[in-house]
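This report describes the fold of one chain and its contact with a partner chain.

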Amino acid sequence: MKAARRLLEAHTGLVLFFLYAPILVLVVYSFNEAKLNVVWKGFTLEWYARVWTDTGLVRSLQNSLMVAAITTVFSVALGTGGAWLLFRYRYPGERLLQTLVFLPMIVPEVILGVSLLILFVVVRLELGFTTVVISHVTFCFPFVLAAVEARLAGMDPALEEAALDLGATPFVAFHKVIVPYLMPAIASGALMAFTLSLDDVIVTYFTASAASRTLPLEMFGRVKKGVDPSLNAISTVFIGATILAVLTTQLLNRRGALTAPATQGGEKP
Amino acid sequence: MRQADTAFESASGNRRAPRLTAYLLLTPLLVWVMAFVVAPALIILVYSFGERQVLGGVTLGFSLRSWARVGDPIYLAILWRSVEYAGITTLICLVVGYPVAFVVGRASERHRPLLLTLVMIPFWTSFLIRTYAWVTILKSEGLLNSLLLQLSWISEPIEMMYTPFAVIIGLVYTFVPFMILPIYGSVEKLDASLIEAALDLGAGPWRAFWKVILPLTRPGISAGVLLVFVPALGLYAVNDILGGGRVDMIGNVIENQFKGTARNWPFGAALGTALLGAFALAFWLTRRPGRADRAAG
């Protein structure tokens, strides 16, 4: 039994090595002086400096951040509001609605991108920021909705009832009581939406115009041509941001787990 | 009684029947889903029955030409190859990922958050960046070849980029975290006393795994298989970067009908619809109530 345990742990170590080694290589080479060679020539920050003078990268990074920010706002509104309404009321046909909401999460991205492209062409909506944001919100907000639903499932209904009994209108109760309770889920959902939007290649590929190219699209075009240390540099920045985002989410979730029983009081047996 | 005439009328129990206000509040969600989920799905279906015009435009109608082409052996072969690649990727991810999920899920309270975070970080890192990372390693003058040359294990660089091997590595690397996380969710919920009971009653570790642990973690496995297989089938970008587009996958073919040189939207729409149909089938097969019940019970 003990030997089996050791074996499993060794395997886990190897898999983690497999997961992190390529990322580490990428980060290390972002500081390498040699442009095309794998030989280490010396430490440099030149590639980072180059990113800032590379208008293609800078412009697409600006696009990406703007799209991700707007997408997050819309996703949080649709996801939080939707989750609350679906939790609170018994709508006819809501199971079908739930399935449809989660469809963009499970459909392959090529199909989502292609079908949205055809839609935009049919309704004569010119490809650009609007179409990119619309398609991003479509696959991002289900993640917010799922996160909020999960937290609502553990909520004590007395929480809202108490607010209403104490004279709050339903809107005030939602704003002052429900939303604060949901905050950890909203925050981690928002972070998810932001990251997903920032990372997307395929759906954006179909729904963006040349002027609204996002950073992943720009990078995808260059990656196909080969290795470029500037790409390593900007990737390293992104990896750093991702690590920060994951740590923040973990922290939020843990705080959520701590406050949840406190808010629920002694109701649960 | 104060709220009796509002949408939020109190009723016994937690959930209430919606009144007008509650319906109005749901409108944005409803409109969004109708406009950007339902409508595109219907339009892609309609387009698949259209005809391609000379300049790449589309005449709508009821033509089966595109659908007939989907049945062409060439495209069936590409579809089959894509299914094979995605299947192999899923299998490797399962074999590689399950033990990791198990270790993380059974780790002590103290170590678990750290291990989980270590799996989450690659999960959330852009797959494009993670795929790109392999280019430096795999290219013929890359890291792996230089290493093997220096160790004198090989006398000349092996061509690793633009091979099925590279594509599979890239796909497994991209999707392993997607297999680990759902299985971890199932393993974490495992009741340790059930495993102990199996062992106490004389089952060897191997038998306890097959008869107790595996059936109890089946929901996580189904979710993981779905999360890996579905996107692996459509993720043509990995194939583009590490396969160099030398071997066509179904995603590449669809992409080419819309953005590439082929420019045949009805055919692309038919291929997309067919792929969607295949997914619906796969989804239905993995989610059949009988199986779910067995897994839960």
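In this predicted model, chain B has 14 helices and 2 strands. The radius of gyration of chain B is 25 Å, well over the 19 Å that the globule rule gives for 297 residues, so the chain is more spread out than a compact globule. Along the principal axes, the C-alpha atoms of chain B fill a box of roughly 85 × 70 × 35 Å. Buried residues make up 39% of the 297 residues of chain B. Among contacts in chain B between residues at least 6 apart in sequence, 64% join residues at least 24 apart.

The contact between the two chains draws 73 residues from chain B and 67 residues from chain A. On the side of chain B that touches chain A, helix α1 (residues 20–48) of chain B gives the most, with 16 residues. The residues of that side of chain B divide by class as follows.

| Class | Residues of chain B touching chain A |
|---|---|
| Nonpolar | 53 residues |
| Polar | 13 residues |

One helix pair spans the two chains. The axes of helix α1 (residues 2–29) of chain A and helix α3 (residues 73–106) of chain B come within 9 Å and cross at roughly 115 degrees, which makes α1(A) roughly perpendicular to α3(B). The crossing of α1(A) and α3(B) is left-handed. From α1(A), the residues A:L8, A:E9, A:H11, A:T12 and A:V15 meet B:V96, B:P99, B:V100, B:F102 and B:V103 of α3(B). By class, this contact of α1(A) with α3(B) has 7 nonpolar, 2 polar and 1 charged residues.

How values were computed: Residues numbered from 1 in each chain as written. Chains lettered and ligands numbered in written order. Predicted model: local features only at pLDDT ≥ 70, side-chain atom pairs only at ≥ 80, totals over all residues. Axes fitted to C-alpha atoms, helices over the stretch in contact; angles between N-to-C directions. Helix = DSSP H or I, 4+ residues; strand = E, 2+ residues; numbered from the N terminus. Parallel < 35°, antiparallel > 145°, perpendicular 65-115°, else oblique. Left-handed = near helix turned anticlockwise from the far one by under 90°. Contact = placed C-beta atoms within 7 Å. Nonpolar A, V, L, I, M, F, W, Y, C, P; charged D, E, K, R; others polar. Rg over C-alpha atoms; globule rule 2.2 N^0.38 Å. Buried ≥ 20, exposed ≤ 12 C-beta atoms within 10 Å, placed from the backbone.
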